[in-house]
Amino acid sequence: MKRVKIRVFRYNPADGADARYDEFEVEAERWTTVLDALLYIKAHKDHSIALRYSCRMASCGSCGMVINGIPRLACYTKVYELGSDVITCRPLTNFPIIRDLATDFTAFFAKHKSMRPYIINDAVDRIDGREFLQKPEEVEKYLQFSYCIKCGLCYAACPTVATDKRFPGPQALAQMYRYLIDSRDMATDERLKVVDDRHGVWRCHFAGSCSMVCPKGVDPALGIQLLRAYLLGMSRDSKVVAELYRREK
Amino acid sequence: MKENREGVKGWLNPTRYGANRFAYWLQRLTGLGLLIYFIAHVIETSNIVYGKSAWEKMLAVTQTNEGHIVLMVVIGMCVFHAANGVRLYIAEHGKGIGRPGRPEYPYKPTSLGLGMKACIWVSVALAALAMMYGAYVLFGEA
């Protein structure tokens, strides 16, 4: 067990005061996560700290924050692994601050929605007990990107999002590739029109920060480069739209 | 709500996110440096319109030790920017960045794999070698 100092960013637009850091001493075990420490502070030292969390197991993506300078999930970051006696928690960068560590995801989700993150296929209305057949290699083309939990860490780490409000960000672009390359999706041209823009996929400079911070191994930078390659005509012939089959009994 | 965009200061720290972020930072820095050099170079060569003596006076500035150091840095910036640019060109064509698969813990992004890292350090090494050769030629003349 060791004692660590947790510095928590405090800002409440309602009280009109400047942002500040409050400091709290907490005892941490080897298994104590930053979220555990923050919830201990909230329960025993200052209940007014605002933060968002839910599952505590890196599945919901709610507790993203900048911990010691890097966007991380608080529930997925152990105090010990940070190797420091001082832990600074800030709200995710590139997201407007609602209060303290809670940030507003409205713009982030709007960008995600603008990618039409669902299968577009006219045949879906005529499924009638049939199903799309996909080979394992077709599934592997998009499976990795479908593990995204929309935690916003990649968006917070991206240097392009930091300066370009119109850039969709790594999460949205990786999701675009996820649906584009899915053999059940037929809206290839419509999808490409959305991102083939100077504030779109071409704005990415492959800094790779998104993939470094992703807690689920989604590798958004890979998706974005593959999306560009697709636009450049490097892999267009690799997509064959899946057909509907009736399962044999 | 408080706007919390990181802005240009988000570009300034190259140490937070590994080799690719470092390469991104260096690419920006060298690009900016080459732009400044290009403008200075245009101003420098435009001195020729003021006659031979003005031209030679300006040329003499580049023959000093300080002038040689500036040229060495320009050589380094040029080589790194070009070599790293080729890496980025290859990456955006979907080459050398791995393939999507089933992520397994501990997650290691394939797009930031050994191949890309090696290309970054080769770009840095080429820039360093070019600077050393430049120093040999420039200071060898003096």
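Reader: Arg10(A) and Asp46(A): buried or exposed?
Author: Both Arg10(A) and Asp46(A) are buried. Buried means under 20% relative accessible area, exposed over 50%, and partly exposed in between, with a 1.4 Å probe and protein chains only. This is a predicted model, where local features need pLDDT of at least 70, side-chain atom pairs count only at pLDDT 80 or more, and totals for chains, interfaces and linings use all residues. Side-chain values use heavy atoms, with hydrogens and water left out.

Reader: How far apart are the closest N and O atoms of Arg10(A) and Asp46(A)?
Author: They are 2.8 Å apart, in a salt bridge. That term needs a side-chain nitrogen of Lys or Arg within 4 Å of a carboxyl oxygen of Asp or Glu.

Reader: Where do Arg10(A) and Asp46(A) sit in the chain?
Author: Arg10(A) is in strand S1 of chain A. Asp46(A) is in the loop between helix H1 (34-44) and strand S3 (64-67) of chain A. The pair links distant parts of the chain, 36 residues apart. Helices (H or I, at least four residues) and strands (E, at least two) are DSSP runs, numbered from the N terminus.

Reader: Which residues are linked with them in a network of salt bridges?
Author: Arg20(A), Asp22(A), Arg99(A) and Asp100(A) are in the network with Arg10(A) and Asp46(A).

Reader: How many salt bridges over all chains?
Author: The search of the whole structure finds 19. One of them joins Glu27(A) and Arg3(A), with the closest N and O atoms 3.1 Å apart. Glu27(A) lies in strand S2 (residues 20-28) and Arg3(A) in strand S1 (residues 2-10) of chain A, so this bridge ties together parts 24 residues apart in sequence.

Reader: What is the relative accessible area of Glu27(A)?
Author: It is 45%, so Glu27(A) is partly exposed. Arg3(A) is also partly exposed, at 44%.

Reader: And Arg191(A) with Asp185(A), buried or exposed?
Author: Both are buried. Their salt bridge has its closest N and O atoms 2.9 Å apart.

Reader: New topic. How many residues of chain A are in contact with chain B?
Author: 49 residues of chain A are in contact with 37 of chain B. Contact means heavy atoms within 4.5 Å.

Reader: What area do chain A and chain B bury between them?
Author: About 3700 Å², with 61% of it on carbon and sulfur atoms. Buried area is the accessible area (1.4 Å probe) that two parts lose on being put together, summed over both.

Reader: How many salt bridges between chain A and chain B?
Author: The count is 2. Arg228(A) and Glu92(B) meet in a salt bridge through their side chains, at 3.4 Å, N to O.

Reader: Which elements give two or more residues to the side of chain A that touches chain B?
Author: Strand S4 (70-73), strand S6 (97-99), H4, H7 and H8 of chain A. H8(A) brings the largest share, 6 residues.

Reader: Tell me about H8(A). How many residues does it have?
Author: Helix H8 has 12 residues, 220-231. The helix reaches 17 Å from first C-alpha to last, close to the 16 Å expected. The expected span is 1.5 Å times one less than the number of residues.

Reader: How many of its residues are buried?
Author: In H8(A), 12 of 12. Among them are Pro220(A), Arg228(A) and Leu231(A).

Reader: What covers the buried residues of H8(A)?
Author: The cover includes helices H4 (153-157), H5 (170-180), H6 (188-195) and H7 (209-213) of chain A, together with helix H4 (65-92) of chain B.

Note on methods
Residues numbered from 1 in each chain as written. Chains lettered and ligands numbered in written order.
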